Amino acid sequence: FIDAAAETGLIGLLSFSVVEQALREARDWPPHLKMAINVSPVQFRDPQLAQHIMKLVTEAGFPPHRLEVEITEASLLEDRDQVLATIGSLKNVGISISLDDFGTGYASLAQVNNLPVDRIKIDKSFISTIVKSEQTAAIVNTITSLGHTLNVPITAEGIESEQVRNELGKYGCAEGQGYLFGRPLSADTVRTFLEMKERGGAAGEESPEDDEGEARPKIRRSW
């Protein structure tokens, strides 16, 4: 339905509604936790995008430095000057920017070098086959080396096994997200989990299971 929302022009309203709910839910989480939100390439056609996001952040009372906006390589196909202006406005108030699904789009190394991103996320299509394909492993190695050279943190998406996590460690990638660390959880379940941790839950404690059909945050973890 995301594609349908983009084609009908409803993606902006849908995204802002989700972001508004997420900001209000996460503002009372422990202060060291950040929240990442996705922004559709279509939304970058709106020159007021940064103002819309900052307005939601202000109204929710959410600290800007705890927010990370994820953009895809497809966003770079829009008006580049406008995209850079939007990113610059967000970064000026402390919001960080990550390049999502890297490796599947049209970003060249030159574009990445000139793009003021705070994180690069390797697409799960590469991560899922890293132990089966030498070519894929070489691509992941190149991306992680790029991140180290540019001093930009690298996050691997779609980690589902210890074998994959161990393989990533060989290339210096020490942060990722995926089912190995936990399934998406409802806001209520996350709240319960955080309360358990505050009461002294054991380190590495598994997240509680959840089967509710509502919007659910994902887990990103370092090792």
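**Close-up 1. Contacts of L168 in this predicted model.** Leaving aside residues up to four places away in sequence, L168 touches I127, I130, V140, A156, I159, C173 and W223, where contact means heavy atoms within 4.5 Å. The model is predicted, so that local features need pLDDT of at least 70 and side-chain atom pairs count only at pLDDT 80 or more, while totals for chains, interfaces and linings use all residues. Residues are numbered from 1 along each chain as its sequence is written, and side-chain values use heavy atoms, with hydrogens and water left out. L168 is also, together with L23, L67 and I120, among the residues that touch the most other members of the largest nonpolar core, which has 51 residues; such a core is a set of buried Ala, Val, Leu, Ile, Met, Phe, Trp, Tyr and Cys residues joined through side-chain atoms within 4.5 Å. Helix 3 (residues 49–60) gives the largest share of this core, 6 residues.

Close-up 2. In helix 8, which spans residues 162–170, the buried residues are V164, R165, E167 and L168, buried meaning under 20% relative accessible area, exposed over 50%, and partly exposed in between (1.4 Å probe, protein chains only). Helices (H or I, at least four residues) and strands (E, at least two) are DSSP runs, numbered from the N terminus. The buried residues of helix 8 pack against helix 6 (124–127), helix 7 (134–150) and strand 5 (154–156). After helix 8 comes G172, with a positive phi near 80 degrees.

**Close-up 3. A salt-bridge network of E25, D188 and R191.** These residues, E25, D188 and R191, are linked in a network of salt bridges, each salt bridge being a side-chain nitrogen of Lys or Arg within 4 Å of a carboxyl oxygen of Asp or Glu. The side chains of E25 and R191 meet at 2.7 Å, N to O; this pair links distant parts of the chain, with E25 in helix 2 (residues 11–26) and R191 in helix 9 (residues 187–198), 166 residues apart. In the salt bridge between D188 and R191, the closest N and O atoms are 2.8 Å apart, and because D188 and R191 are 3 residues apart in helix 9, about one helical turn separates them. E25 is partly exposed, with a relative accessible area of 22%, as is R191 with 33% and D188 with 37%.

**Close-up 4. A buried salt bridge between two strands.** A salt bridge joins R119 and E68, whose closest N and O atoms are 3.4 Å apart. R119 lies in strand 4 (residues 119–122) and E68 in strand 2 (residues 67–72), so the pair ties together parts that are 51 residues apart in sequence. Both R119 and E68 are buried. Across the whole structure, a search finds 11 salt bridges.
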